[in-house]
Amino acid sequence: MISTEQRCPSPISAPGNDPTWINWINRQQGGCLPATSMPDRDWWVKLWSQPETTLKIMGLQSGMSVLDLGCGYGHFTIPAAQIVKPALVVGVDIDFPILAQAQQAAQEVSNCLFLNQDILAIPQVITNQFDYITIHSTFHGLPNPVEFVRQIVSLLKPNGYFSVVNWRSIPREDTIWLDKPRGPKTELRISPQKLLSIVKAATQRLVAVQQVDLHPYHYGITFKLQN
Ligand SMILES: C[S@@+](CC[C@H](N)C(=O)[O-])C[C@H]1O[C@@H](n2cnc3c(N)ncnc32)[C@H](O)[C@@H]1O
């Protein structure tokens, strides 16, 4: 039975033998970010056919606790939980029906929790710190990315990682996948240089340690928290 009114204990913990889905009354601020609605599976899972490999390329390692911001139906969250088990993985998404799909898919995954929450509010509602925070194909919608990154730092453990995967900053009409242009509008796209400058403006403590092309239309940058 899914409760929609349960309060989230803070700090949150791995479900263990308590399978309750933590889904407390949320503190939505701005609703769904622009151009971030969850892509249909028919093309998204083909574009990302090896999520485990992508996560490992982006620096995820066994034993790391993970916060997946804008996790959608868990296409990366659940493989992340399998890589890091028994460490805790928390997926956050504002879209309740999409999150229900993630929860359904993760029924057998004991180290994975899902929160129906606005990612802009997350730093105010959980006190956990994580080894690895990831935001995949969602960063471009942030209203104030500098402030967002500044707040995310408080959720990282010492030497923790912040991983951002973005659509490449090329015209949308050039990102054809399964016969159609995909991804956010051209003007919303963020180049790697812009992402680096946003993070630098937010904090000097997050240092880029890796930048990769994620074929065909994305790139990823992983930052490490310096103490
Ligand atoms: C493009 S999808 C990417 C999903 C997932 N990261 C993946 O790559 O498979 C963006 C997700 O961010 C979620 N989202 C948008 N605005 C949000 C917000 N303010 N708080 C939490 N989630 C949000 C959407 O509901 C959607 O599931």
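**Close-up views of a predicted model**

**View 1. Proline 86 sits in the loop between helix H3 (77-84) and strand E2 (89-93).** Helices (H or I, at least four residues) and strands (E, at least two) are DSSP runs, numbered from the N terminus. The peptide bond that joins lysine 85 and proline 86 is cis, with omega about 10 degrees. This is a predicted model: local features need pLDDT of at least 70, side-chain atom pairs count only at pLDDT 80 or more, and totals for chains, interfaces and linings use all residues. Residue numbers start from 1 along each chain as its sequence is written.

**View 2. A cis peptide bond joins histidine 215 and proline 216.** Its omega is about 5 degrees. Proline 216 belongs to the loop between strand E8 (206-214) and strand E9 (218-225). Most residues other than glycine have a negative phi, and most peptide bonds are trans.

**View 3. Alanine 35 has a positive phi, near 55 degrees.** Alanine 35 is found in the segment before helix H1 (41-47). Alanine 35 counts as partly exposed because it has 17 C-beta neighbours inside 10 Å. A residue is buried if 20 or more other C-beta atoms lie within 10 Å of its own, exposed if 12 or fewer, and partly exposed in between; C-beta atoms are placed from the backbone.

**View 4. Asparagine 159, not a glycine, has a positive phi of about 65 degrees.** Asparagine 159 lies in strand E5 (residues 156-167). With 10 C-beta neighbours inside 10 Å, asparagine 159 counts as exposed.
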